[in-house]
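Subject: Structure handover and notes

Dear colleague,

Please find the structure below, followed by my notes on what was found in it. I would be grateful if you could read them with the model open beside you.

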Protein chains: 2
Amino acid sequence: MGLREIKMGRTRRQIADHAFALFVTQGFESTTIEQIASAAEVGTRTLYRYYPTKESLIVDFVESSLGAAVDELRKQPDDTPLPQALYTMIETVLRVSREDTERVLAVYRLAEQAPSVKARLAEQALRWRNDVADEVSRRTGGGEHAGLVAALTAASAMNIIDITMRTWVMSGGLRNPDAVAEQILRIMHEGVPMPTAPVLSQSS
Amino acid sequence: MGLREIKMGRTRRQIADHAFALFVTQGFESTTIEQIASAAEVGTRTLYRYYPTKESLIVDFVESSLGAAVDELRKQPDDTPLPQALYTMIETVLRVSREDTERVLAVYRLAEQAPSVKARLAEQALRWRNDVADEVSRRTGGGEHAGLVAALTAASAMNIIDITMRTWVMSGGLRNPDAVAEQILRIMHEGVPMPTAPVLSQSS
DNA sequence: AGAAATTATGGCAGTGGGTGTCACGATAGC
DNA sequence: GCTATCGTGACACCCACTGCCATAATTTCT
C-alpha cells in the first residue's frame with residue numbers, strides 16, 4: 001500500500017529495537033532518549049511522535065504482543081463456554097511468551113530496575129483487566145450483580161496469568177509455563193482459602 | 001520526642017495538605033512543585049527531601065493509611081483462621097475509607113486525570129499484594145505448592161478490596177462499602193466462572 | 001549555660017524527559 | 001508534473017528531579 005506506512009513501520013521498529021538493545025546493555029535510566037534517537041537515526045522529536053514516553057518504548061511491546069490475547073478472547077464465538085474462552089486467552093499469552101522469550105524476560109528485568117516502568121506495566125495490567133471484564137460482561141449478559149461477577153471473573157483470569165508469568169520469570173524461563181498454569185488451575189478448582197465475613201460463615 | 005521530629009512532622013503534613021488542596025483545585029499536572037513549596041512555605045529542595053516524587057505526594061497518603069491494613073493482618077494471632085484474618089484486613093481498609101472519605105475519593109479522581117498517578121497507585125497495589133502473599137505464606141506454612149496457594153489467596157483478597165473500592169468510588173461514595181464487600185463475598189462463595197483447561201475438565 | 005558536633009534547610013546550577021512551533025522535504029492525489 | 005498533505009527534525013522552552021554547598025537550627029557534650 002502506501003510507501004509512507006511502510007517507512008513509518010520500519011522507523012517504528014528501528015526505534016524500539018535500538019531502545020531495547022540500549023536498555024538491556026546500559027540500563028533503562030542511564031539511557032537517554034537522545035542516545036536512542038541517534039542510534040535509530042531519527043530526531044528526538046520524531047521519536048516522541050512514535051513513543052510518547054520513555055516507558056512506552058517498553059510498554060508498547062507488551063501492549064501489542066499480549067494485547068492480542070484480549071482480541072483472541074473477543075474473537076471466540078459467543079456460544080463458547082466462558083471458562084474455555086478465558087483459557088484460550090491465557091494460552092495466547094503463554095504462547096507469545098514462549099515465542100518471544102528473550103524480550104519478555106528482558107521486560108521483566110527492566111521493570112525490576114526501573115520503578116517507572118514497573119508502575120506503567122502495573123497500570124497496563126489493570127486496564128487490560130477492565131477490558132476483559134467488559135468482554136466477560138458482554139458475554140454473560142446482565143443478570144443480578146452482573147458487574148461484580150464479571151469483575152471477579154476477569155480478576156481471576158488475570159491472577160492466573162500474572163502468577164504464572166511471575167513464577168515462570170522467577171525460574172529464569174526454565175519452568176514450563178503451561179505446567180505452571182495447569183497447576184494453578186488445579187489449585188483454584190480444589191479451592192483456595194478465601195476471606196470470610198463472620199456474618200457469612202453463619203448463614204452458609 | 002525531639003523538637004526536631006515534631007517540626008519535621010508538621011512540615012511534612014503542611015506540604016501534603018497544600019499539595020492536595022492545589023491538586024484538587026488546579027489539577028495534578030498543572031500544579032508545579034514550586035507552587036506547592038511556596039504554598040507550604042518551604043524550599044523546593046526541602047520538599048523533595050520529604051516527598052521524592054510528585055506522585056508520592058498522593059501515593060504516600062494511601063501508603064500510610066491503607067498500609068495499616070497489612071499491619072493489621074500481621075497483628076492477628078497466628079492461630080486465627082486465615083479467612084477471618086483476611087477479612088479483618090479488608091475491614092480495616094473499609095474503615096479507613098469511611099473515616100477519610102474526602103481524601104480517598106480525591107485520590108481516585110486525581111488518578112483518573114493523571115496517568116502517572118494511576119500507574120504509581122497500580123504498582124503500589126502490586127507491592128501490597130506481595131506483602132499479603134508473604135504474610136499468608138508465613139501463616140499457612142510450606143505445604144505443596146505453598147507459594148502458588150499463598151499468591152492466589154492474597155490475590156483474591158486484593159481483588160475483593162479493589163473491586164469493592166472501585167464500586168464504592170463509582171457510586172460517588174454513596175453505596176455502603178461494607179454491603180458491597182459482603183455482596184462480593186457472597187458471589188465468591190457461590191462460585192465464579194473460572195478458566196478451565198480442557199485437560200482439567202476431563203480429569204476432574 | 002556555652003561550645004562543638006550534628007543535621008535540616010534552601011539556593012544554585014545542571015541533567016533530562018517532554019511539548020509547541022515552524023520551516024523543510026518527501027509522499028500522495030490529481 | 002503540480003499541488004496539497006503530512007512526516008521530519010531543529011530550536012526554544014517548561015518542569016521534575018539531583019548534586020553540591022553555605023547557612024541556620026537543633027542536639028549533645030562539657
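Around DNA strand D there are 19 residues, of which G43(A), T46(A), G2(B), T53(B) and K54(B) come nearest, where a residue is near a molecule or strand if its C-beta atom, placed from the backbone, lies within 6 Å of it. Two or more residues of this surface come from each of α1 and α3 of chain A and from each of α1, α2 (33-39) and α3 of chain B; helices (H or I, at least four residues) and strands (E, at least two) are DSSP runs, numbered from the N terminus. By class, the surface near DNA strand D holds 6 nonpolar, 6 polar and 7 charged residues, with Ala, Val, Leu, Ile, Met, Phe, Trp, Tyr, Cys and Pro counted as nonpolar, Asp, Glu, Lys and Arg as charged, and the others, Gly among them, as polar.

Please bear in mind that this is a predicted model, in which local features need pLDDT of at least 70 and side-chain atom pairs count only at pLDDT 80 or more, while totals for chains, interfaces and linings use all residues. Residues are numbered from 1 along each chain as its sequence is written, and chains are lettered from A and ligands numbered from 1 in the order in which they are written.

Turning to DNA strand C, 19 residues lie around it, and G2(A), K54(A), G43(B), R45(B) and T46(B) come nearest. Here α1 (3-26), α2 (33-39) and α3 (44-50) of chain A, together with α1 (3-26) and α3 (44-50) of chain B, each give two or more residues, and the surface divides into 6 nonpolar, 6 polar and 7 charged residues.

The contact between the chains takes 41 residues from chain B and 41 residues from chain A, two residues being in contact if their C-beta atoms, placed from the backbone, lie within 7 Å. On the side of chain B that touches chain A, α8(B) gives the most, with 11 residues, and the residues of that side divide into 27 nonpolar, 9 polar and 5 charged. Because 100% of the interface residues of chain B are also interface residues in chain A, the copies meet through the same surface.

Within chain A, the axes of α5 (residues 82-99) and α8 (residues 146-170) come within 10 Å and cross at roughly 25°, axes being lines fitted to C-alpha atoms, for helices over the stretch in contact, with angles from 0 to 180 degrees between N-to-C directions. That makes α5(A) roughly parallel to α8(A), given that angles under 35 degrees count as roughly parallel, over 145 as roughly antiparallel, 65 to 115 as roughly perpendicular and the rest as oblique. Their contact residues divide into 8 nonpolar, 1 polar and no charged.

The axes of α5(A) and α9(A) (residues 177-190) also come within 10 Å, crossing at roughly 155°, and these helices are therefore roughly antiparallel to each other. In this pair, I90(A), L94(A), S97(A) and R98(A) of α5(A) meet P177(A), D178(A) and A181(A) of α9(A).

With best regards
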